[in-house]
Amino acid sequence: MATFLYKLGRLAFRRRRIVALLWVVLLIGAGAGASTVSSTVDDDFALPGTESQQAFDLMDERAEANGEKSSAQNASATVVFKSPDGEKLTDSEHRATIEKVVGQLKGGQIAMAVSPFQVEGTISQDQTIAYAKVNYTTDAMSIEESDREKLKAAVEDGRDAGLKVEMNGDATMVEPDMGNGEIIGIGVAAIVLVLTFGSLVAAGLPLITALIGVITSIMAIGALGPALGLSTTTATLAMMIGLAVGIDYALFIASRYRAELIEGHSREEAAGRAVGTAGSAVVFAGLTVVIALAGLAVVNIPLLTKMGMAAAGAVVVAVLVAITLVPAALGIVGKRIFGKKVRKANPETLVPSAEEENAKQGAGVRWARFTLRRPVIVLVTSVLALAAAALPVSSLSLGLPDDGNQPESTTQRQAYDLMADGFGAGFNGPLAVIADVKGSDDPKATAEQVYKAVSGVDGIKMAAPPELNKGGDLATIAVIPDSRPSSTETEDLVLSLRDEAKTLEEKTGATVLVSGMTAATIDFSKVMDDALVPYLTLVVGLAFLLLMMVFRSILVPLKAALGFLLSVLAALGAVVAVFQWGWLAGLIGVEQTGPIMSLMPIFMIGVIFGLAMDYEVFLVTRMREAYVHGERASEAVVTGFKLGGRVVTAAAVIMISVFAGFIGAGEPMIKMMGFGLAIAILFDAFVVRMAIVPAVLALLGDKAWWLPKWLDRIMPNVDVEGEKLQQFLDSRKGFGGGTDGPGGFGGGDGGNGPGDGGPQAGGPGGSTAAVPTGAGV
């Protein structure tokens, strides 16, 4: 692997303009493909195998059989009216206003809007609050902007007439406020890269190459959308992950390239060695991320599977960019990879001397030596700190936030509160009991029997009489719970109704299903909960095998996996403490605490595992490399921190900044994701990788790199530490001279000024350079 990547890196460096042109052509081609797509793909949020989905499918099937268009998953909105203090909505003036508002809601994609004065039970007992249901002919994602504006205009007219008018429902959904996460992240990344490299050109290189990769990925997703069923939502995770790993991978290779130049290698040789060593780490780190993202297919939710696969594709593109475009870009930037101050201080080589760099004692080296002296203290302190942060996980409550979790300033939250005040909390989350009475001798009587049984279940505020469909073979009973949609009481009610449904099936022969969006939300949470252990087992198991091949060790991958579990549990604990318990909630703008989004644990495991293994691979491969090349185990830990600690720290700071930028989002779910991912990276990078890893390696010593001989024989040797690459390079020194310098086999790249061809000459008797000269910048 390392030898192949070494050759690829040199080839990309030599043919840099061709490589860069190929990526530009690829970017333009993906953009052209995306621009020719005439239609967008809607999100299909299906829950295969769940009872709520079975009910939706049954309703669709019967509607189609009767020549109707199913409305099972069509969008709806609730418009809520409240009279001024001391007045009633039944007053003639207010009644006329409500009729006018509802009268505007017709045509286009609006199927029906009925005045509260025409439907029993839609006006509160004190006649101060009323609501009107607005039904659409399509799902929420497909509503045209003109119909959205029509609803907003009608609401505004009601407000202008003196009523308090608010609205909620899936038809009122808007694109979530993502905050300025990408902008903040790129801005912080630029600052960190400048501080890391000391050169604006070197800092801009990872940013530009990462952006080329992520834009290409997003355009490709857009172009392939209709064929593969990929919606614009699918690209969200791909954009976030692709940008983050793209910057990281380019940063690691560019940093290694600079280190190879400092060791005295020519620019082309340095590019080859950087891709051969750091590039090998990039490939295998990328594989761990791909495994984590593609593993989302285990959850068996089509939308999540597509999101995971699209994001995995973006990571593959980021890896290809890192091992081809980055070395090409390094050739294009030429001597400017180091800052002007460094070039001025070293006019002959334009590169800092190795002696000068080796004399530096960075914070990473000092910390590594302290950890080697006090490994037990560092290990115990770190583990106890993470364990304490993880304690709130014991009270983790999963669910999906509803409009009650929205900021109080939003119309959705105000409509939610008005409905709860006027009719009870359960009106915000009605359930639907579906009875398949097709095989019944008297469908209407069977539906009535189901209705009476359902009405007697504890926890129900009210149940509406059954409504038969056009074919008379399917009955729908609307059920209003006593409790709010996201409460445990409502979940218990759904379970009770389903238990009652089994009894009814035995008595009546009718299939009875409990559905509706509230039931679907509960089913979604259960699906995520059931998938957690299989997903974790698959991802950690496959990555463990991969890391065994990378590190030729059993204990190092085991330590990596256990450290990751600690950091994820600690991060989940912090999420529970803030978003469920309310600790420091006001500090980050959390207005309403509640259950943790059921997607959060699996989402965090997938994203954080991949990124955590990135840092593990980049940091520990430098240690493994030093150990394989003759250093003692303790010395290898210090070398790993000296050569990789600063870069891993920079990468982690960039990642934390990207995710923390989403904390400022107005959407509660986005805020939770941003906080959870940022705190997880903080724990994993700075506690697990920077403290627990060196402490454990210090305690294990040589045993850390132990692998049974029988396993070593059967396991593929991927040579990520470059041992075979070094043998390959050593073997070449006797044939045609050294790998560096104008007389060596590798040759310089010529024309780049002093130092570009390498300050050392090749071995004696070297042949003419095998690489064309005059290709300098």
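## The largest cavity

H20 gives the most residues to the lining of the largest cavity, four of them. Helices (H or I, at least four residues) and strands (E, at least two) are DSSP runs, numbered from the N terminus. Please keep in mind that this is a predicted model, where local features need pLDDT of at least 70, side-chain atom pairs count only at pLDDT 80 or more, and totals for chains, interfaces and linings use all residues. Residues are numbered from 1 along each chain as its sequence is written, and side-chain values use heavy atoms, with hydrogens and water left out.

The structure holds four cavities of 30 Å³ or more, and the largest has about 120 Å³ of space. A cavity is a set of points, on a 1 Å grid over the protein atoms alone, where a 1.4 Å probe fits but cannot get out; lining residues have an atom within 4 Å of a point. Grid points are joined across faces, edges and corners, and a volume is the space filled by probe spheres set on the points. The largest cavity is lined by 14 residues, with Phe252, Arg256, Ala278, Phe618 and Arg622 nearest its centre. Two or more lining residues come from each of helix H8 (234-262), helix H9 (267-294), helix H20 (600-628) and helix H21 (633-660). By class, the lining has seven nonpolar, four polar and three charged residues. Here Ala, Val, Leu, Ile, Met, Phe, Trp, Tyr, Cys and Pro count as nonpolar, Asp, Glu, Lys and Arg as charged, and the others, Gly among them, as polar.

## Where H7 meets H10

The axes of helix H7 (residues 200-228) and helix H10 (residues 302-333) come within 8 Å and cross at roughly 145°. Axes are lines fitted to C-alpha atoms, for helices over the stretch in contact, and angles run from 0 to 180 degrees between N-to-C directions. Contact means heavy atoms within 4.5 Å. Among the residues that meet are Val201, Leu205 and Ile212 in H7 and Lys306, Ala310 and Val317 in H10. By class, this contact has 14 nonpolar, three polar and one charged residues.

## A four-stranded sheet

An open sheet has the strand order S2-S3-S1-S4, with antiparallel pairing; two strands pair if DSSP finds at least two bridges between them. Strand S2 (110-113) and strand S4 (164-168) are the edge strands. Five bridges join strand S1 (residues 76-82) to S4, and threonine 78 has asparagine 168 in S4 as its bridge partner. Helix H5 (residues 145-160) packs on the sheet, and its direction makes about 155° with that of S4.

Serine 76 is found in S1. Its contacts include Lys133, Tyr136 and Asn168, not counting residues up to four places away in sequence. Serine 76 and lysine 133 are 57 residues apart in sequence and 7.1 Å apart in space, C-alpha to C-alpha.

Conventions. On a 1 Å grid over the protein atoms alone, a cavity is a set of points where a 1.4 Å probe fits but cannot get out, and a pocket is an open set with protein on both sides within 12 Å along at least five of seven lines; lining residues have an atom within 4 Å of a point.
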